[in-house]
Amino acid sequence: VDTERMRPTPDPAPAGRRACDSSARRMSAALAAMGVLHFVRPEPFDGLIPPFLPGSARAWTHGSGVAELAVAGLLAVPRTRRAGGRAAQALFLGVWPGNAWMAWRWRRRPWPAQLVSLGRLPLQVPLIRAAGRVARS
């Protein structure tokens, strides 16, 4: 019996990289889903667009949907994952004003809605960090 053939071959990717690949795939799936929603149900996203931005809210909604789909594609492919991580960081920074605008607009709503709108603001920080880890992997 050839015992060398029976040994499992070690995974060449270290555990940290496998975890980062998994994180990139989850981030890609989430961004793809959100990007599709920007086209299927754009109305909720229109309300996140600050009025001081030029153009229509719908144009910004569709543009951010395209950006989310593009970043999802970059993250999904290992060869472009590093660029996808950087692009995701930029995207998460770019949507922060929309979250801040939502929190401002919802400041007089019932407290559960206010908590949701305020909770979105610090949520961006771990997303930006996770995207940075993907970019560095």
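**Notebook: salt bridges, cores and a surface patch**

I began at Arg58, which is partly exposed with a relative accessible area of 33%. My scale calls a residue buried under 20% relative accessible area, exposed over 50% and partly exposed in between, with a 1.4 Å probe and protein chains only.

A word on what I am reading: this is a predicted model, so I take local features only at pLDDT of at least 70 and side-chain atom pairs only at pLDDT 80 or more, while totals for chains, interfaces and linings use all residues. Residues are numbered from 1 along each chain as its sequence is written, and side-chain values use heavy atoms, with hydrogens and water left out.

**Entry: salt bridges**

I looked up the partner of Arg58 and found Asp46, in a salt bridge whose closest N and O atoms are 2.6 Å apart. The pair links distant parts of the chain, with Asp46 in helix H3 (residues 43–46) and Arg58 in helix H4, twelve residues apart. Asp46 counts as buried at 16% relative accessibility.

How many salt bridges does the whole structure hold? My search finds three, taking a salt bridge as a side-chain nitrogen of Lys or Arg within 4 Å of a carboxyl oxygen of Asp or Glu.

I then turned to Asp21 and Arg81, whose side chains meet in a salt bridge at 3.1 Å, N to O. Asp21 lies in helix H2 and Arg81 in helix H5, so this pair ties together parts that are 60 residues apart in sequence. I checked the cover on both ends: Asp21 is buried with a relative accessible area of 16%, and Arg81 counts as buried at 6%.

I also noted Glu43 with Arg41, where the closest N and O atoms are 3.7 Å apart. Glu43 is partly exposed at 45% relative accessibility, and Arg41 is partly exposed at 48%.

**Entry: the chain as a whole**

I counted seven helices and zero strands, where helices (H or I, at least four residues) and strands (E, at least two) are DSSP runs numbered from the N terminus. Of the 137 residues in the chain, 32% are buried.

I looked at contacts next, meaning heavy atoms within 4.5 Å. Among those between residues at least 6 apart in sequence, 61% join residues at least 24 apart. The accessible surface comes to about 8,800 Å², and 66% of it belongs to carbon and sulfur atoms. Those areas come from the Shrake-Rupley method with a 1.4 Å probe; for residues, only the protein chains shown count as cover.

**Entry: the cores**

Which residues have the most contacts inside the largest nonpolar core? I found Met27, Leu31, Val71, Leu75, Ala88 and Phe92, in a core of 14 residues. H2, H4, helix H5 (81–94) and helix H7 (111–136) each supply at least two residues of this core. Apart from it I found another core, of five residues, among them Phe45, Leu48, Met102 and Trp106. By a nonpolar core I mean a set of buried Ala, Val, Leu, Ile, Met, Phe, Trp, Tyr and Cys residues joined through side-chain atoms within 4.5 Å.

**Entry: Ser28**

I traced its side chain to the backbone oxygen of Ala72, at 2.7 Å. Beyond four places in sequence, Ser28 touches Ala72, Leu75 and Ala76.

**Entry: the nonpolar patch**

Last, I looked at the surface, where Met34, Val36, Leu37, Phe39, Val40, Val66 and Leu69 form a nonpolar patch with about 570 Å² of accessible area together. The elements giving two or more residues to the patch are helix H2 (15–40) and helix H4 (57–76), and H2 provides the largest share, five residues. Such patches take residues with over 30% relative accessible area and no salt bridge, with like charges joined within 9 Å and nonpolar side chains (Val, Leu, Ile, Met, Phe, Trp, Tyr) within 5 Å.

I picked out Phe39 in helix H2, which is partly exposed with a relative accessible area of 38%. Ala33 and Leu69 are 36 residues apart in sequence and 8.2 Å apart in space, C-alpha to C-alpha.

Note on methods
Polar contact = N/O pair within 3.5 Å; in protein donor to acceptor, adjacent residues only side chain to side chain.
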